[in-house]
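Me: I would like to go through this structure term by term. Please set each value against its cut-off.

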Amino acid sequence: IILLIVLTFRGWPTRSSLPVSTIALYLTALVWFKFEPNAINASVIKGLGDSLTTICIVFGAICLFEMLKMTGALDWLTGKLRSFSRGNQTAEVMLIAWAFAYLVEGASGFGTPTALAAPLLIEMGYEAKATVACCLVMNTLATPFGAAGTPIWFGLDNLGIDDANLEKIGFWA
């Protein structure tokens, strides 16, 4: 609720509102719910460790995109996509926001498809807000299957399911 208030009504940028919300949640858990400080600190450290994997993957995707721009490969890629789609905007969006994003989702996941597909479409001249929204919507279909089973790995990690049953769940998902 605090995050919603400071973002929406106060208009704070995320670089300010997220730390304020984090501190407020920390103090609420400590004072109101009377959690043990060591338990809260351990949860914070575990959360930072868990998020490090995702941050590294998305950072790699951004580095890949910047490398494509610097080497001129992005211009070549957009040119090939335009010639392949023959200027049909629907075909371009489907090729990049859907097919390309599914390929990237299977390889890495964690928002990487949107981090790569949206700038590629924006580079091709599409409007930024609509492009990001389109890529996010297109990515929702691939997310349950993404990144070679990581939704299952993260989602069922703390349930105490043994590896054999986890494989069965992954196979049937």
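**Terms and cut-offs**

Reply: Gly60 has its place in helix H3. The model is predicted, so local features need pLDDT of at least 70 and side-chain atom pairs pLDDT 80 or more, while totals for chains, interfaces and linings use all residues. Residues are numbered from 1 along each chain as its sequence is written, and side-chain values use heavy atoms, with hydrogens and water left out.

Me: What makes a stretch a helix here, and how many helices and strands does the protein have?

Reply: Helices are DSSP runs of H or I with at least four residues, strands are runs of E with at least two, and both are numbered from the N terminus. The protein has nine helices and zero strands. From the N terminus on, the elements read α-α-α-α-α-α-α-α-α.

Me: Why is Gly60 called partly exposed?

Reply: Buried means under 20% relative accessible area, exposed means over 50%, and partly exposed is in between (1.4 Å probe, protein chains only). Gly60 has a relative accessible area of 36%, so Gly60 is partly exposed.

Me: Why is Ser17 called buried?

Reply: The relative accessible area of Ser17 is 0%, so Ser17 counts as buried. Ser17 lies in helix H2. Contact means heavy atoms within 4.5 Å. Not counting residues up to four places away in sequence, Ser17 touches Leu3, Val6, Leu7 and Trp12.

Me: How do you know that H1 is roughly antiparallel to H2?

Reply: Axes are lines fitted to C-alpha atoms, for helices over the stretch in contact, and angles run from 0 to 180 degrees between N-to-C directions. Angles under 35 degrees count as roughly parallel, over 145 as roughly antiparallel, 65 to 115 as roughly perpendicular, and the rest as oblique. The axes of helix H1 (residues 2-9) and helix H2 (residues 14-32) come within 9 Å and cross at roughly 155°. Therefore H1 is roughly antiparallel to H2.

Me: What is the handedness of the crossing of H1 and H2, and which residues meet there?

Reply: H1 passes H2 in a right-handed crossing. A crossing is right-handed if the near helix is turned clockwise from the far one by less than a right angle, and left-handed if anticlockwise. Ile2, Leu3, Val6 and Leu7 in H1 meet Thr14, Ser17, Leu18, Ser21 and Ala24 in H2. By class, this contact has six nonpolar, three polar and no charged residues. Ala, Val, Leu, Ile, Met, Phe, Trp, Tyr, Cys and Pro count as nonpolar, Asp, Glu, Lys and Arg as charged, and the others, Gly among them, as polar.

Me: What makes H2 roughly antiparallel to H3?

Reply: The axes of H2 and helix H3 (residues 37-71) come within 10 Å and cross at roughly 150°. That angle makes H2 roughly antiparallel to H3. H2 passes H3 in a right-handed crossing. Tyr26, Ala29 and Leu30 in H2 meet Pro37, Ile40, Asn41 and Val44 in H3. The classes in this contact are six nonpolar, one polar and no charged residues.

Me: Why is Lys34 called exposed?

Reply: Lys34 has 65% relative accessibility, so Lys34 counts as exposed. Lys34 is found in the loop between H2 and H3. Its phi is near 55°, a positive value in a residue other than glycine.

Me: What is the class of the aromatic pair of Phe33 and Phe35?

Reply: A search of the whole structure finds one aromatic pair. Phe33 and Phe35 form that pair, with 6.1 Å centre to centre and 35° between the planes, and the pair is tilted. Rings of Phe, Tyr and Trp (its six-membered ring) pair if their centres lie within 6.5 Å; planes under 30 degrees apart count as stacked, over 60 as edge-to-face and the rest as tilted. Phe35 has 46% relative accessibility, so Phe35 counts as partly exposed.

Me: How do you know that Tyr126 is buried?

Reply: Tyr126 has a relative accessible area of 16%, so Tyr126 is buried. Tyr126 lies in the loop between helix H6 (112-123) and H7. Leaving out residues up to four places away in sequence, Tyr126 touches Gln89, Glu92, Val93, Leu121 and Thr131.
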